Amino acid sequence: MTVLEQPGAYRPTPPPGWQPRADAAPLLPDAQPYRLLGTAAAADISPDLLTRLHRELVRGRRYNTQATALTRQGRLAVYPSSTGQEACQVAAGLVLEDRDWLFPSYRDTLAAVVRGLDPVDTLTLLRGDWHSGYDPHTHRVAPLCTPLATQLPHAVGLAHAARLKGDDVVALALVGDGGTSEGDFHEALNFAAVWHAPVVFLVQNNGFAISVPLAKQTAAPSLAHKAVGYGMPGRLVDGNDAAAVHEVLAEAVRRARGGGGPTLVEAVTYRVEAHTNADDATRYRPDSEVEAWRAHDPIALLEEAMRDRHLLDDEEARAVRESAERFAADLRTRMHQDPVLDPMALFEHVYADRTSQLREQAAQLRAELDAEAADAGKGQ
């Protein structure tokens, strides 16, 4: 017999009828991915924006092919290409102000380059050199994150801290569809919504988490629908429509900066290349599927829209491609230069103040290096 079952036991009155804390309808994403290119609304897109998007898309495609080639040549240890989903990367790199922060995953090197990072520095991690080839604070770009989704709580923490300090800062965090199956994704969204943090989550749904298709990860109507469970709006957008992705992200950034809280954006796109150079994508998807998505190429979609508005002709398109080739040539030349490595750099950026063990190890290595140098001098 429980306490409540005993004669005369205290029995609380029933609680009032449960009521939802907010109307869920405004938080729900559209039934179909939002599009601009190929619709009547495309006529209202700024010509300057279309020109900038096109230039960055073409350069981004060439950046991807060049980085992939560098991997085959042994200049990179690995490269996760974003070919086919450059529209997401370009839009993410363009919508933020200088004071804002970008939190990329390992596949988002192009977004960092569009934001202004030196491409050689951006590829340093994938080269197997430093953990991060750039100063995150200077560029407001967090280190490329290899563990899935762990950058999302970091983005929320930074955005929340900025809000507490009164800083007008927005964080944009990028993640793949596979990352939405990680606990960090759910924790980040929950904290962001509860704290009303100025952060935007961009999920690049490229169809596969390595070899695992989306249908084997979630039964949700869309990944954007997951936003409702945390109390934030979800947006569903065509991830190969560069103008649409830019508009949706720009709206989410303005909403966050204006005190409206976080937004979850799902961009439906496709990873045309393999997961990395170590992956054989033919084992889990047919070539026909890849070719179908090539017909929905973000560069081709944008160029068609620009030609319809007489914003692009053959000569201008050729000039953009030539500029991208010069960019790739410079990247190739500098990546073929062997980096000058200092073994003593092993002890830098480990702790703000070195521990006694690190000081001892550094002294030991310095002695060994000095001895080698002395021996080399004697042999000359």
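User: In this predicted model, what makes helix H2 and helix H9 a packed pair, and at what angle do they pack?

Analyst: Helix H2 covers residues 86–94 and helix H9 covers residues 242–257; their axes lie 9 Å apart and the angle between them is about 40°. The residues that meet are Ala87, Cys88, Ala91, Ala92 and Leu94 on the H2 side, and Ala242, Val245, His246 and Leu249 on the H9 side. Each such contact requires heavy atoms within 4.5 Å. As for handedness, H2 passes H9 in a right-handed crossing.

User: Why is H2 called largely enclosed by the rest of the structure?

Analyst: A residue counts as buried when its relative accessible area is under 20%. In H2, 9 of the 9 residues are buried, and the helix is therefore described as largely enclosed by the rest of the structure. The buried residues are Glu86, Ala87, Cys88, Gln89, Val90, Ala91, Ala92, Gly93 and Leu94.

User: How do you know that cysteine 88 is buried, and not exposed?

Analyst: The relative accessibility of cysteine 88 is 0%. The cut-off for a buried residue is under 20%, so cysteine 88 counts as buried. Cysteine 88 is also one of the H2 residues that meet H9.

User: Is cysteine 145 buried or exposed?

Analyst: Cysteine 145 has a relative accessibility of 9%.

User: Why is arginine 257 called partly exposed?

Analyst: Partly exposed is the class between buried, under 20%, and exposed, over 50%. Arginine 257 has a relative accessible area of 24%, so it is partly exposed. This arginine is found in helix H9.

User: Which residues are in contact with arginine 257, leaving aside its neighbours within four places in sequence?

Analyst: Arginine 257 is in contact with Glu97, Arg99, Asp100, Asp168, Val169 and Val170. Alanine 111 and arginine 257 are 146 residues apart in sequence, and their C-alpha atoms are 20 Å apart in space.

User: What makes leucine 50 a buried residue, and where is it placed?

Analyst: Leucine 50 belongs to helix H1, residues 47–72. Its relative accessible area is 1%; the limit is under 20%, so leucine 50 is buried. Not counting residues up to four places away in sequence, leucine 50 touches Ile45, Ala243, Leu302, Met306, Arg309 and Leu311.

User: What makes the phi of alanine 149 and that of histidine 310 worth a remark?

Analyst: Most residues other than glycine have a negative phi. Alanine 149 has a positive phi, near 70°, and histidine 310 has a positive phi near 60°. Alanine 149 lies in the loop between helix H6 (136–139) and helix H7 (151–165), while histidine 310 is in the loop between helix H11 (298–308) and helix H12 (314–335).

User: How do you know which of these two residues is buried and which is exposed?

Analyst: Buried requires under 20% and exposed requires over 50%. Alanine 149, at 2% relative accessibility, therefore counts as buried. Histidine 310, at 73%, therefore counts as exposed.

User: What do the domain assignment and the UniProt annotation give for this protein?

Analyst: The domain assignment gives domain 1 as 26–275 + 286–336 and domain 2 as 343–377. Their C-alpha centres lie 40 Å apart. The unreviewed UniProt entry annotates residues 66–330 as "domain: Dehydrogenase E1 component". Over residues 66–330 the chain is 43% helix and 12% strand, with the end C-alpha atoms 11 Å apart.

User: How many helices and strands does the protein have, and what are the spans of its C-alpha trace?

Analyst: The protein has 13 helices and 7 strands, and its C-alpha trace spans about 100 × 65 × 45 Å along the principal axes. Of the 380 residues, 46% are buried. Among contacts between residues at least 6 apart in sequence, 75% join residues at least 24 apart.

Methods:
Residues are numbered from 1 along each chain as its sequence is written. This is a predicted model: local features need pLDDT of at least 70, side-chain atom pairs count only at pLDDT 80 or more; totals for chains, interfaces and linings use all residues. Side-chain values use heavy atoms; hydrogens and water are left out. Domain bounds come from an automatic or database domain assignment. UniProt positions are given in the numbering used here, feature names are shortened, and annotations may be inferred rather than shown by experiment. Helices (H or I, at least four residues) and strands (E, at least two) are DSSP runs, numbered from the N terminus. Buried means under 20% relative accessible area, exposed over 50%, partly exposed in between (1.4 Å probe, protein chains only). Axes are lines fitted to C-alpha atoms, for helices over the stretch in contact, and angles run from 0 to 180 degrees between N-to-C directions. A crossing is left-handed if the near helix is turned anticlockwise from the far one by less than a right angle, and right-handed if clockwise.
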